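Me: Hey, can you walk me through a structure? Here it is.

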Amino acid sequence: MAQKNRITFTVRIEEELYKKMLATAQAEGRDVNNHMLHLIRQNVAYHERVHGRIDPSKVVVPEQSSGAAPASGSDETD
């Protein structure tokens with residue numbers, strides 16, 4: 001398989017949620033990175049089924065895509 005363009009970014013996640021994600025990844029025979037990619041791909045596929053195909057050429061990647069904190073310094077929580 002040809003190497004695709006890859007982007008690295010940082011995700012802030014609560015420790016408990018990370019441990020649960022790690023457990024589900026291990027149960028499914030994946031490492032955490034591959035598990036996250038699997039979940040993201042599933043979510044994008046669902047979104048495209050519901051809302052139509054996303055054209056990546058029309059998506060603007062913010063300059064802070066490296067995982068830097070927002071300019072305001074706020075840390076969003078869910």
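Reply: Start just after α1, where Gly 29 has a positive phi of about 75°. Helices here are DSSP runs of H or I, at least four residues, numbered from the N terminus. This is a predicted model, where local features need pLDDT of at least 70, side-chain atom pairs count only at pLDDT 80 or more, and totals for chains, interfaces and linings use all residues. Residues are numbered from 1 along each chain as its sequence is written, and side-chain values use heavy atoms, leaving out hydrogens and water.

Me: What's pLDDT, and what's the mean for the chain?

Reply: pLDDT is the predictor's confidence in each residue, from 0 to 100. The chain's mean is 85, with 77% of its residues at 70 or more. Over residues 71-78 the pLDDT is below 50.

Me: OK, back to helices. At what angle do the axes of α1 and α2 cross?

Reply: Roughly 90°, and the axes come within 9 Å. Axes are lines fitted to C-alpha atoms, for helices over the stretch in contact, with angles from 0 to 180 degrees between N-to-C directions.

Me: Which residues of α1 meet α2?

Reply: Tyr 18, Met 21, Leu 22, Thr 24 and Ala 25, and they meet Val 32, His 35 and Met 36 in α2. Contact means heavy atoms within 4.5 Å.

Me: And what's just after α2?

Reply: Gly 52, with a positive phi of about 100°.

Me: What about the start of α2?

Reply: There, a side-chain oxygen of Asp 31 comes to within 3.2 Å of the backbone nitrogen of Asn 33.

Notes: A polar contact is a pair of N or O atoms within 3.5 Å; within protein, one must be able to donate a hydrogen and the other to accept it, and residues adjacent in sequence count only if both atoms are side-chain atoms. Helices (H or I, at least four residues) and strands (E, at least two) are DSSP runs, numbered from the N terminus.
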